[in-house]
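Work through the exercises below with the structure open beside the text. Try each task before reading its solution.

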Amino acid sequence: MTDQYTFDNPVTRYPATTLPPLDLEAPGTEAEMTPKPVLGDETYRGSGRLEGRRALITGGDSGIGAAVAIAFAREGADVAISYLPEEETDARRIVDLIEAAGRTAVAIPGDVKDAAYCRELVESTVRQLGGLDILVNNAGKQQSVESLEDLDDQQFDDTMRTNVYAMFWITKAALRHLKPGSTIINTTSIQAYMGSPTLVDYAPTKAAINSFTTALSQQLAPKGIRVNAVAPGPIWTALQASGGQPPEALPELGQQTPLGRVGQPAELAPAYVFLASPESSYVIGETLNVNGGMPTP
Ligand code: NAD
Ligand code: MG
């Protein structure tokens, strides 16, 4: 493959390798992973689709958020990323890639479970980038637990705060900076429709993200701000390799999809570019499924 436009067979575009049963400590880093998630740093080719735009991507240090950060920068956007302090190594790599694309990179570590940090994250982005046009709510927590009896109150609360409350706090803080033409993109999941038996806390957060997206999109459309979502299927990322799945389930991750293989973060980035760019001006409240072919409602 030479870039994302290369014509080839999606079944074999990325290898259907048997993944190792990694069991990293959450949130996990790509620095610790073999094989590495494919972020598109070796392939993504920009064509000016986001020229001069200013984006904030939460969880932009790794996985889907990192692939989006690389793509946005190569499309001409300045990019701020948020991540947890223990992910500094991954974040540095993405900052370097954004800068290598000739754009401004801003790194703002912190915990999105903290409302004050979420508000400061937005203000700091606006101060450093001179404004905000694209918000990608992508940070997420996923920890599989076998039975409801073992799902403790702390995890339930942490998952809700990370996946739902943070999106609310960050979006609310961003709103006063977003001009007509701005876009908000939320990362939801196939789990919103097909909850796994071991993700009883995580799956409902993704259903909440879907309905938050639809409701807010109706409210903001008349103001010229578009809200949409991307719903990934099984993607090889640190989240999956650090307890998102039971480790013994990782070798089979993605094999149940019609494509028969796990997805790579690089395959998500074009969906975010499309929704962020004015070319999708009439697309509002939509969920773009990028899941290897699993039917969704
Ligand atoms: P990832 O681990 O690479 O990225 C998730 C990021 O979330 C982390 O890098 C981290 O920076 C951030 N994060 C988590 N808790 C945080 C906290 N308390 N404070 C600040 N940041 C925090 O994994 P990913 O798979 O790329 O995840 C990105 C999004 O994609 C998540 O919302 C996830 O739910 C969603 N998703 C992933 C898959 C998949 O199969 N990998 C499928 C569907 C949806
Ligand atoms: Mg990370």
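**Exercise 1. Find what Thr162 touches, leaving out residues up to four places away in sequence.**

Step 1. Contact means heavy atoms within 4.5 Å. With that cut-off, Thr162 touches Val112, Lys113, Ala139, Gly140 and Lys141.

Step 2. Thr162 sits in helix α4, residues 153–175. Helices are DSSP runs of H or I with at least four residues, strands are runs of E with at least two, and both are numbered from the N terminus.

Step 3. The relative accessible area of Thr162 is 11%, so this residue is buried. Buried means under 20% relative accessible area, exposed over 50%, and partly exposed in between (1.4 Å probe, protein chains only).

Before going on, note the conventions. The model is predicted: local features need pLDDT of at least 70 and side-chain atom pairs count only at pLDDT 80 or more, while totals for chains, interfaces and linings use all residues. Residues are numbered from 1 along each chain as its sequence is written, chains are lettered from A and ligands numbered from 1 in the order in which they are written, and side-chain values use heavy atoms, with hydrogens and water left out.

**Exercise 2. Decide why helix α7 (residues 269–276) counts as largely enclosed by the rest of the structure.**

Step 1. List the buried residues of α7: Ala269, Ala271, Tyr272, Val273, Leu275 and Ala276.

Step 2. Six of the eight residues are buried, so α7 is largely enclosed.

Step 3. Look for the packing partners. The buried residues of α7 pack against α1, β4 (134–137), β5 (183–187), β6 (226–232) and β7 (287–290).

**Exercise 3. Name the protein donors of the magnesium ion (ligand 2).**

Step 1. Donors are N, O and S atoms within 2.8 Å of the metal (3.2 Å for Na, K and Ca); water is not among the atoms, so sites may look incomplete.

Step 2. Asp61 (OD), Ser62 (OG) and Glu87 (OE) qualify, lying 2.1 to 2.2 Å from the ion.

Step 3. In sequence, these donor residues follow the spacing D-S-x24-E. Both Asp61 and Ser62 are buried.

**Exercise 4. Find which polar atoms lie by the oxygen atoms of ligand 1.**

Step 1. A polar contact with the ligand is a pair of N or O atoms within 3.5 Å.

Step 2. Glu87 places a polar side-chain atom 2.5 Å from an oxygen atom of ligand 1.

Terms used. A polar contact is a pair of N or O atoms within 3.5 Å; within protein, one must be able to donate a hydrogen and the other to accept it, and residues adjacent in sequence count only if both atoms are side-chain atoms.
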